[in-house]
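Subject: Structure handover

Hello,

Here is the structure for your files. Please load it first, then read the notes below.

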Amino acid sequence: MTSQDLRGRVALVTGSAGGIGAETVRELAAAGASVLATDVSDARGTELFGEFGASVRFEQADLRRSDEADRVVRAAVDAFGRLDIVFNNAGIGFNGALAEHDDERIDQLLQVNLRSTIYVARSAIPHLMANSAGGVIINNASNGGVVGRAADPVYSASKHGVVGLTKSLALAHAVDGIRVNAICPGPIDTPMVWANFVGVERGEAQRRVLASCPDPRIAHPREVAATVRFLASEQARFINGVALPIDGAKAAGIMPSDRYRTDFDFDGR
């Protein structure tokens, strides 16, 4: 069996200052990879990953700008001599009907969730192609990238775009030895999930989050990070162009009716 040992590999992880990104930096570094971690916030910066010493470096960057994407990709190569793995994790979310999204909010969602992913991939691909063994891009597309979500249509649209990008790049670059996959997490215990429930009691917020989940559980970010490690490893060397839900079957289909609310008016239509 092939290994999930990542010694000698270099990874770039975006959106790394907390949640899934921070846990993934730790997971990849623990597997032996050198990691360039980046985030728009430098609130914790380098000290967040101090346990790994020189094998993890931090760069603050706003990846909505293409020159910033170019800079962090180059920083990874300059720091560690190569680039093998890219985890495009940077993202934001806003709940609300389409009519509640002004131009600024729409632009933010598309720029952070989709445009930054495109920019980083574009900058990274030449470096991955330069490796004799190719490389790996893993994009965080969210459960919202594989199902429609009434509560956050623009977010879902941006993440569907990430899935389309993932599949297209996988097709284009398989011949170059580059694998491109997406992960699609559902309810994960991160600040981004709870930010949608300001002023709501924690138990009630959890009930709302899990109301449509077949497996009524909020997962730990480590569970997602472990999946990223697997997809980055040789054990996944024939997995390419996949959008993988990590959501307890939430994206799989429709649950029994007794798991949904039934207190609405019904006029027989």
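Helices (H or I, at least four residues) and strands (E, at least two) are DSSP runs, numbered from the N terminus. The model is predicted: local features need pLDDT of at least 70, side-chain atom pairs count only at pLDDT 80 or more, and totals for chains, interfaces and linings use all residues. Residues are numbered from 1 along each chain as its sequence is written, and side-chain values use heavy atoms, with hydrogens and water left out.

Strands 4 and 5

Strand 4 and strand 5 pair in the parallel sense, over four bridges. Strands count as paired if DSSP finds at least two bridges between them. Ile85 has Val136 of strand 5 as its bridge partner.

Strand 5 is mostly covered, with six of its six residues buried. Buried means under 20% relative accessible area, exposed means over 50%, and partly exposed is in between (1.4 Å probe, protein chains only). Gly135, Ile137 and Asn139 point one way from the strand. Val136, Ile138 and Asn140 point the other way. Both sets are buried.

Asn88 sits in strand 4, which runs over residues 85-88. Asn88 counts as buried because its relative accessibility is 3%. Its side chain makes a polar contact of 3.0 Å with the side chain of Asn139. A polar contact is a pair of N or O atoms within 3.5 Å; within protein, one must be able to donate a hydrogen and the other to accept it, and residues adjacent in sequence count only if both atoms are side-chain atoms. Leaving out residues up to four places away in sequence, Asn88 touches Thr14, Ser116, Thr117, Val120, Ala121, Ile137, Ile138, Asn139 and Asn140. Contact here means heavy atoms within 4.5 Å.

The second largest pocket

A pocket is an open set of points on a 1 Å grid over the protein atoms alone, where a 1.4 Å probe fits, with protein on both sides within 12 Å along at least five of seven lines. Lining residues have an atom within 4 Å of a point. Volume is the space filled by probe spheres set on the points, which are joined across faces, edges and corners.

The second largest pocket holds about 270 Å³ of space. It has 17 lining residues. Nearest its centre are Ala133, Gly135, Gly177, Arg179 and Glu234. Strand 5 (135-140) and strand 6 (178-185) each supply at least two residues of the lining. By class, that lining has six nonpolar, five polar and six charged residues. Ala, Val, Leu, Ile, Met, Phe, Trp, Tyr, Cys and Pro count as nonpolar; Asp, Glu, Lys and Arg count as charged; the others, Gly among them, count as polar.

Loops and backbone

Which residues have a positive phi without being glycine? Ser142 is one, with phi near 65 degrees. Ser142 lies in the loop between strand 5 and helix 4 (153-173). Ser142 counts as buried, at 5% relative accessibility. Ala249 is another, with a phi of about 80 degrees. Ala249 lies in the segment after strand 7 (243-246). At 38% relative accessibility, Ala249 counts as partly exposed.

Thr190 is in the loop between strand 6 and helix 5 (191-194). It counts as buried, at 11% relative accessibility. Beyond four places in sequence, Thr190 touches Gly19, Ile20 and Pro221. Thr190 and Ala22 are 168 residues apart in sequence, and 11 Å apart in space, C-alpha to C-alpha.

Regards
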